Amino acid sequence: KIENLCINCMREMKEPGGICEFCGFNVETFELPRHHMRPFTILAGKYLIGKAIGEGGFGITYIGMDLELEVRVAIKEYYPQGAAARDNRTNDGTVCSYSENTRTFFEEGREKFINEARTIAKFRGLPEIVGIIEFFRENQTAYIVMEYLDGQTLKQYLKTNGGKIPADELLCMMKSLISSLGKLHAQGLIHRDISPDNIMLMKNG
């Protein structure tokens with residue numbers, strides 16, 4: 001049942017609302033940031049939106065559910081800070097340029113967002129790069145649907161390990177990642193935001 005899904009982990013609870021028995025999230029104390037999409041919004045007729053799991057300078061990433069395949073996904077929305085606006089108090093998820101002065105920047109950025117998704121989708125065989133499932137335009141913005149990564153960020157891992165990682169362990173982690181980034185760079189795509197909170201460590205290491 002859709003209404004029983006936890007917006008934080010997208011697992012089906014016994015009853016809607018209250019505290020999730022899987023992740024401990026309490027929807028009754030959740031405050032939705034004004035510029036975020038409302039949970040339970042459906043995109044492209046099949047992607048159910050949960051709460052945001054990340055936010056950067058050019059987008060907001062949400063946990064989601066593919067209602068056709070019944071699998072969790074991550075959905076990144078093009079939402080450049082300082083150049084986009086939305087008011088979630090209405091049921092309209094439309095994103096618009098913040099002002100006439102930012103319209104060109106907003107629209108050009110949206111096309112770059114889609115083009116980068118198209119490029120990254122070609123590298124789905126590389127295990128170190130998140131797999132792109134689909135990308136599309138909706139709500140006057142654009143969305144990238146990606147595989148959901150069940151793990152923790154390098155930032156979280158550092159925090160639980162006293163802020164340090166032994167050099168040999170870190171080099172082992174980074175070797176294959178740097179190799180895959182090199183293949184992206186060869187196609188003219190530069191990430192521009194490599195940081196501990198953008199690197200995921202999966203449960204299998």
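Select Arg103 and Glu107: they lie four residues apart in helix α1, so about one helical turn separates them. Helices here are DSSP runs of H or I with at least four residues, strands are E runs of at least two, and both are numbered from the N terminus. The model is predicted, so local features need pLDDT of at least 70 and side-chain atom pairs pLDDT 80 or more, while totals for chains, interfaces and linings use all residues. Residues are numbered from 1 along each chain as its sequence is written, and side-chain values use heavy atoms, without hydrogens and water.

The side chains of Arg103 and Glu107 form a salt bridge, 3.9 Å from N to O. A salt bridge here is a side-chain nitrogen of Lys or Arg within 4 Å of a carboxyl oxygen of Asp or Glu.

Next, select residues 103-121, which make up α1. Its buried residues (under 20% relative accessible area; exposed is over 50%, partly exposed in between; 1.4 Å probe, protein chains only) are Phe106, Gly109, Arg110, Phe113, Ile114, Ala117 and Thr119. Show β4 (71-78) and β7 (132-138), which are among the elements covering them through contacts (heavy atoms within 4.5 Å).

Now pick Glu111, which is partly exposed at 31% relative accessible area. Arg110 forms a salt bridge with Glu111, with 3.8 Å between the closest N and O atoms; Arg110 is buried at 17%. Arg137 is partly exposed at 49%.

Last, select Arg72, Asp150 and Lys203, which salt bridges with shared partners join into one network.

Technical notes. Expected span 1.5 Å × (residues − 1).
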